[in-house]
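Let's take a look around this protein, one spot at a time. Have the sequence and the 3D view ready.

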Amino acid sequence: KEVVSGTKGLTCFFARVRTPDNKLNGVKIAQLKDKLGTRQLPTAELELEGTAATVVGPIGRGIPTIADMLNITRINNAFY
C-alpha cells in the first residue's frame with residue numbers, strides 16, 4: 001500500500017473497548033494525559049494491539065469523517 005504523509009492517509013475506525021464476553025478488545029491505556037482543560041473528561045494515549053475494529057467512512061479520509069461526527073455531536077449537545 002502507498003504511504004501518504006500528513007493526515008491524508010488516516011482512516012477512521014470504530015472499536016468496542018470490550019468483546020461480547022466482556023474481555024478487553026486489545027485496548028491498553030499507555031498513559032493519562034496531564035492537560036490544562038477539562039479534567040472531568042480524562043484523555044489518554046491508547047495502544048490498540050490486536051483490536052477488532054470496523055472502518056467508518058472512506059479509506060484515507062479519517063480526519064474529515066471524524067470532523068463531521070464531532071460537529072454533529074457539538075450541535076446535539078447544544079440542544080441537550
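## Thr-51, tucked in a loop

Thr-51 is buried, with a relative accessible area of 19%; buried means under 20%, exposed over 50% and partly exposed in between, using a 1.4 Å probe and protein chains only. You'll find Thr-51 in the loop between β3 (44-48) and β4 (54-56). Strands here are DSSP runs of E with at least two residues, and helices are runs of H or I with at least four, numbered from the N terminus.

Skip the neighbours within four places in sequence, and Thr-51 is in contact (heavy atoms within 4.5 Å) with Ala-15, Asn-25, Gly-26 and Val-27.

## How the model is read

This is a predicted model, where local features need pLDDT of at least 70 and side-chain atom pairs need 80 or more, while totals for chains, interfaces and linings use all residues. Residues are numbered from 1 along each chain as its sequence is written, and side-chain values use heavy atoms, with hydrogens and water left out.

## Over to Met-69

Met-69 sits in helix α1 (residues 62-79). At 34% relative accessibility, Met-69 counts as partly exposed.
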